[in-house]
Amino acid sequence: MNDLKVILDAVVVCKDGLIAFVGTRQEFEKNRFLQDDIKKNNAKILDCKNNAVLPAFCDSHTHLVFGGYRDDEFLKRAAGVSYMEIMKAGGGIAKSVELTKAASEHELLKAANKRIDELLKLGVASVEIKSGYGLDKDTELKQLRVIKKLKDENRINIMATFMGAHSIPKEYKGKEGGGLEYIEYIIKEVLPLVKEQDLAEYVDIFCEQGVFSVAESERLLSAAKDMGFGLKIHADEIVSLGGAELGVKMGCVSADHLLHVSDKGIKDLADSDTIATMLPLTAFCLREPFAPARKLIDSGAAVALATDFNPGSCFSFSIPLLIALSVLKMNMSINEVISALTLNGACAMGLGNETGSIEAGKKADMVILKFDNENFLAYHTGVDCVGVTIYNAQCAEHIQ
Ligand code: NIG
Ligand code: FE
């Protein structure tokens, strides 16, 4: 993760939305075929001046389709009430479920599109979006249809995750075995429709004390795997429950949060292909200790960074703040942060072969910084350093 290839005085050639060539100016000038092709196609030339060009960022964990806000809860937490206390008192995810049920598809789409505008400005060209503010068939499908529409608009790469198991809905809560009963409902009534209508690539679950147990999580993830979904897991966010270990056992593409991951969980992740996704903005907003990024990287785990943008625990998609926290609070090097936010993030949503690095054959998704080297991403602390975001070989301001 610390070993990035830097090309000085580089040229990138894009064609049909893909990267056709990347190399030094010298290599480019020697390539007659490329020169001819560029002339023939009257290619547009973008002079990046002396600025650094990086792969566009990949935000592999968000909940960005939701209705309403929970600013009151943020203030309560700031005054010392915990996330779980708010959840137990009927707030938290349940509140966003009410507000998302009340919102029309059109309203959800409009709000989500504005958030995508902001993400693009911050250099993000790929985003994973979860459902999970419905907790019933109709509303979960409504959220997923909104994600599908966003995808069809093709403004940014999107991967969709079904997260019906985000919380136990009130009809099942307090009932003996309610969690498992709800999981069985999802497996029987909802997942087949999600598959049939091709609405999600992944299934995710909030494996947490007081939410879904490890056994319940395993039940859902096994069923989802059998139906051909990729898997993700919210693991060890509030307590050390064994979510990371389960994530590895089930072959999840990523295990996310990991604030309280055990030593066994770290070892399992390091020995597996499951990506350990850190969400430092959430730890910061919840005033919890950060995930052990150093230990994970030093053990050999592949680490990704993502925002976890959502209306509750983390109403932030500030990439600049995320980078600052990763470097200053989690002791990651700037190169590790870049790997985590680009190629590893792409891999954490199954897009590792398509985006996340500047390589011939991949999608032309890049950022041009306002500075001549990548150190500024951290050094210019908390300030946006992205000058231009390029998605699909087009500058973001030209994207419809
Ligand atoms: O990743 N942990 C569960 N889900 C979200 C929070 C969702 C919410 O509070 O609305 C998270 O932090
Ligand atoms: Fe989350």
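**Stop 1: C385 and the cysteines**

Select C385 and C48. The closest cysteine sulfur to that of C385 is in C48, 16 Å away, which is too far for a bond. A disulfide here is a pair of cysteine sulfur atoms within 2.5 Å. By that rule the count is zero disulfides. Now pick C14, which is in no disulfide; its nearest cysteine sulfur, that of C48, lies 9.5 Å away. For reference, a disulfide is a covalent bond between the sulfur atoms of two cysteines.

C385 is buried, at 2% relative accessible area. C14 is partly exposed, at 34% relative accessibility. Buried means under 20% relative accessible area, exposed means over 50%, and partly exposed is in between (1.4 Å probe, protein chains only).

Before moving on, note that this is a predicted model: local features need pLDDT of at least 70, side-chain atom pairs count only at pLDDT 80 or more, and totals for chains, interfaces and linings use all residues. Residues are numbered from 1 along each chain as its sequence is written, chains are lettered from A and ligands numbered from 1 in the order in which they are written, and side-chain values use heavy atoms, with hydrogens and water left out.

**Stop 2: the iron ion**

Select ligand 2, the iron ion. Which residues coordinate the iron ion? Show H61 (NE2), H63 (NE2), H234 (NE2) and D308 (OD), at 2.1 to 2.3 Å. Donors are N, O and S atoms within 2.8 Å of the metal (3.2 Å for Na, K and Ca); water is not among the atoms, so sites may look incomplete. Along the chain, the donors of the iron ion follow the spacing H-x1-H-x170-H-x73-D. Helices (H or I, at least four residues) and strands (E, at least two) are DSSP runs, numbered from the N terminus. H61 and D308 are both buried.

**Stop 3: A103**

Go to the loop between α5 (93–102) and α6 (105–121), where A103 sits. Is A103 buried or exposed? A103 is buried, with 11% relative accessible area. Leaving aside neighbours within four places in sequence, A103 is in contact (heavy atoms within 4.5 Å) with G67, L108 and K142.

**Stop 4: salt bridges**

How many salt bridges does the structure hold? The total is 23. Each is a side-chain nitrogen of Lys or Arg within 4 Å of a carboxyl oxygen of Asp or Glu.

Start with E105 and R145, whose closest N and O atoms are 3.0 Å apart. E105 lies in helix α6 and R145 in helix α7 (residues 137–153), so the pair ties together parts that are 40 residues apart in sequence. E105 is partly exposed at 21%, and R145 is partly exposed at 32%.

Next, select K188 and E189. Their closest N and O atoms are 3.9 Å apart. K188 is exposed, at 64% relative accessibility, and E189 is partly exposed, at 32%.

Move to helix α11 (residues 263–270), where D268 and K264 lie four residues apart, about one turn of the helix. Their side chains form a salt bridge of 2.8 Å, N to O. D268 is buried at 16%, whereas K264 is exposed at 51%.

Finish at K15, D37 and K40, joined into one network by salt bridges that share partners.
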